[in-house]
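My notes follow in the order I looked things up.

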Amino acid sequence: MPEPVLSRVAEARSFLGKLWKLAAPYWWAEGMGEIGAGPLRLKLAERWIARGLLLVILFLSVFSVYISKLFNDWYGRFYNALQDKDAAAFWVEIRWFSVLAFVAIVVAVYRIWLRQYLEIRWRRWLTGVYIHSWLGGNTYYRMELTGHGADNPEQRIEKDIADFTRSTLFLTLDFISEVISLVTFSVILWGLSGTLVVSWLGDVAIPGYMMWVAVVYAVIGSWLTYKIGRPLIRTNFNLERFNADFRYRMIRVRENAESIALYDGEPDEERRLGGAFTRVYETWWAYMNQTKRLTWLTAFYGQAAIIFPFLVAAPRYFAGEIQLGVVMQTSSAFGQVQSSLSWFVNSFDTLAPWKATVDRLTGFTEAMAAARAAQETERGFDLVPSTPATLALEKVEVTLPDGRVLLDDVDLSVARGQRLVIQGPSGSGKTTLFRVLAGLWPFGRGKVRLPEGARILFLPQRPYIPIGTLKEALCYPDKAEAHGDAEVAEALAACQLAHFADRLGESGNWSLVMSPGEQQRLSFARALLIRPDWLFLDEASSALDEATERAMYTLLDERLPGLTMISIAHKPSVVAFHDRRLVLDPKQRRISIESLAGTQLEPAGA
């Protein structure tokens, strides 16, 4: 076979393999599902619900083809009645048409409704799988950390999965329906066509000639559609990517509105957004031109298909060999066969974006798998569970993603109840060491002993505040119902946030409502509620004035006795709440530890 053909075959096999891996698992899903209406509910394995719905939809598809066959028979009788001016037969056929139309409407409604129901169930299951895979094992964190992940994972999980389930079901069921229709109406068309004798070919007889005309017509149309429309697949892929990037940039503006306003950064943001949309515009322009070329073909192809069967059947009709009803019946059957054979032509505007969607989802799946594989195979830390009273580093080397060494041969032990503050010049690796102590940083080697069974909480410089009610945001990662309203209100008041106590049930994006200082005080209130055994603070009070900062650490000291605290901080007012100091030396790539046992707290306001 020629090299281009072999390349296309290999490409098709690769795509079908990826499609199977993406689509097949749902139909063998192990989880339980529920189906029913009102009080009548039935619990079954999700795979059996999916298969049952699919079988019902397929039955309705077959029945729909049978209804089309009955309509085709009706065309012959109805137009013969018109030609013969048979009023009695005319009204009989009108009544029969009403019955067929009613049944066809019911079948069409429930076929679409059940397909949509199966679609949303499949989407729910697949979304759960992707979210679990993305969040599990810190995959999302590692993908962002290395910068080698798929772009816009939120779009791939939300929009691409929705597009995939909808288009896959539509295309698959439509294809099956067209195959059934092709078989049914090919038999009818063959019988209606008769034999065409071509005198200029030496009186060659062509049995079922209308069938062969439909095949040739559809093959030529499909080949031209593929040649003209193939570039649309890549264009659709890029269009989705650039639209997602444009949307994400606007989300970033909204999330960082105050910082941008303080910088007077609006002109630069406008320039960046304009540049992002320019890519959308240019890609859309290519999409328009490619779609125009494809539409020229499909529009001509569709319009020609209307008149084509009449042109082919006209010689036999005018010769008196067939009646008008047979012409109409033949035209209907030809249209059904031609439409079935032209499935690729008629569906290409769906196939192109569907192929792009499959590529995006499989690319995302491969990126997550690569991140997990790298975490398992690359040289990394040996994470070992320790007693709840000890955290230790043994012969640890800390590196950056590019392999550069930050710290070498680090030995450190932190016992339960100790307070350690980490200091060092900017860029020395304080936050990176902090991540190593938390068991998050994947780049390096050595043994990290993490306290097993201990409750650990992290307070970063910029707290994460999930969107939801204020109580849900405060109690995170606990569930809101784990803490009473009175307990939550008291924690807010203790952290100088009493003015929010009457808004616990109010939903919103609290990271935009609260100032940086209020957000940091909220994270201290969170620590009071959760009462961790180990607390890690990374410049967690940097937005607070000294008096408020002292008050927050005093609360931790008074209300969480026995708390083990590891902090990154520079202010003397914070350092005073610790009994040991760890200093990083970036030149020597070493750490040194000194005791702060003699440190005295300065008077408030000093």
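I started at Leu556. Leaving aside neighbours within four places in sequence, Leu556 is in contact (heavy atoms within 4.5 Å) with Phe524, Ala527, Leu528, Leu535, Leu537, Leu563 and Met565. This is a predicted model, where local features need pLDDT of at least 70, side-chain atom pairs count only at pLDDT 80 or more, and totals for chains, interfaces and linings use all residues. I number residues from 1 along each chain as its sequence is written, and side-chain values use heavy atoms, with hydrogens and water left out.

Next I looked up the core. Which residues touch the most other members of the largest nonpolar core? They are Leu537 and Leu556, in a core of 41 residues. By nonpolar core I mean a set of buried Ala, Val, Leu, Ile, Met, Phe, Trp, Tyr and Cys residues joined through side-chain atoms within 4.5 Å. Buried means under 20% relative accessible area, exposed over 50%, and partly exposed in between, with a 1.4 Å probe and protein chains only. I listed the elements that each supply at least two residues of this core: β10 (456-459), α13 (470-475), α14 (485-494), α16, β13 (534-538), α17 and α18 (572-575). The most comes from α16, which gives seven residues. Helices (H or I, at least four residues) and strands (E, at least two) are DSSP runs, numbered from the N terminus. I also noted a second, separate core of 33 residues; Phe15, Trp122, Leu173 and Trp354 are among them.

Then I checked a helix pair. Helix α16 (residues 516-530) packs with helix α17 (residues 546-559) at an angle of about 5 degrees, and their axes are 10 Å apart. So α16 is roughly parallel to α17. Axes are lines fitted to C-alpha atoms, for helices over the stretch in contact, and angles run from 0 to 180 degrees between N-to-C directions. Angles under 35 degrees count as roughly parallel, over 145 as roughly antiparallel, 65 to 115 as roughly perpendicular and the rest as oblique. On the α16 side I found Arg521, Phe524, Ala527 and Leu528 making the contact. On the α17 side I found Thr548, Met552, Tyr553, Leu555, Leu556 and Arg559.

I went on to Thr168. It sits in helix α5 (residues 153-193). Is Thr168 buried or exposed? Thr168 counts as buried, because its relative accessibility is 7%. Its side chain reaches the backbone oxygen of Phe164 at 2.6 Å. Leaving aside neighbours within four places in sequence, Thr168 is in contact with Trp122 and Trp354. I had both tryptophans down already as members of the second core.

Val62 came next, in helix α2 (residues 46-84). At 39% relative accessibility, Val62 counts as partly exposed. Val62 and Ser177 lie 115 residues apart in sequence, but 6.7 Å apart in space, C-alpha to C-alpha.

I then went through the backbone in the loops. The peptide bond from Tyr476 to Pro477 is cis, with omega near 10 degrees. Pro477 is in the loop between α13 and α14. Arg531 has phi near 50 degrees, a positive value in a residue other than glycine. I place Arg531 in the loop between α16 and β13. Glu539 also has phi near 50 degrees. I place Glu539 in the loop between β13 and α17.

Last, I took chain totals. I count 18 helices and 16 strands. Of the 606 residues, 43% count as buried.

Conventions. A polar contact is a pair of N or O atoms within 3.5 Å; within protein, one must be able to donate a hydrogen and the other to accept it, and residues adjacent in sequence count only if both atoms are side-chain atoms.
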